[in-house]
Amino acid sequence: MAPLRLGSIAPDFEAETTAGAIKFHEHLGDSWGVLFSHPADFTPVCTTELGEVARLAPEFEKRGVKVLGLSTNDLGDHAKWVDDINEVNHVNVRFPIIADKDRRVATLYDMLDSVEHDPTNVVAGIPFTVRSVFIVDPAKKIRLILTYPASCGRNFDEILRAIDSLQLSDRQPIATPANWRPGEDVIVHVGVSTEKAKDIFPEVNEALPYLRFAKLPQGDQN
């Protein structure tokens, strides 16, 4: 199988989850999706991450994003683990978590760790997953890929920021600068002339011929 790249169609799959059986593409429908993996249930970093995603659930929903977790345990373990997550983080996990005990989905998305990278994330020759993130758009194309080691918890505010940037760049001919936040100035796409940009945006400031900052129209400020 060819490696997954930005622009690849996200592989479809069927899986058992804490919310019942799903078909990935059918589950997403016309929504954006975030598929993110966890090495195993009852692990400390994962417990904080899933709690944070549950806390941010309204933010994902506001952006039309369906979140789907994955861990390499069975549904029985997932159910007990969710109780821990809810208790410790004071949340209510509602998004599905894939029971990928046979690592079928993890293999499909190349999420598995290796002894060469982290021998502590491989037990009895069986690798657990790294902390992968795939952002998928409504056309089922992969728009962003992140890979964190098992030791490093993810910044889900950054994942939301990236979704904001991706969705905005689909609506407007722009790119977003370093550390950009919604409501801040954006960069005019290199394929748009300054003259054309002045027709699109309420204000354009040319720092360099190839670096033009713009204020967004009122409807795209947030």
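V93 touches L50, A54, V82, I85 and N86, with residues up to four places away in sequence not counted; contact means heavy atoms within 4.5 Å. The model is predicted, so local features need pLDDT of at least 70 and side-chain atom pairs pLDDT 80 or more, while totals for chains, interfaces and linings use all residues. Residues are numbered from 1 along each chain as its sequence is written, and side-chain values use heavy atoms, without hydrogens and water.

V93 is among the residues with the most contacts inside the largest nonpolar core, which has 27 residues. Such a core is a set of buried Ala, Val, Leu, Ile, Met, Phe, Trp, Tyr and Cys residues joined through side-chain atoms within 4.5 Å. Buried means under 20% relative accessible area, exposed over 50%, and partly exposed in between (1.4 Å probe, protein chains only). Helix 6 supplies the largest share of this core, six residues. Helices (H or I, at least four residues) and strands (E, at least two) are DSSP runs, numbered from the N terminus. Apart from this core lies another, of 17 residues, including A15 and Y109.

The structure holds six aromatic pairs. Rings of Phe, Tyr and Trp (its six-membered ring) pair if their centres lie within 6.5 Å; planes under 30 degrees apart count as stacked, over 60 as edge-to-face and the rest as tilted. F13 and Y109 pair edge-to-face, at 6.1 Å centre to centre and 90 degrees between the planes. F13 counts as buried at 5% relative accessibility, and Y109 counts as buried at 1%. Ring pairs link F13, F24, Y109 and F134 into a cluster.
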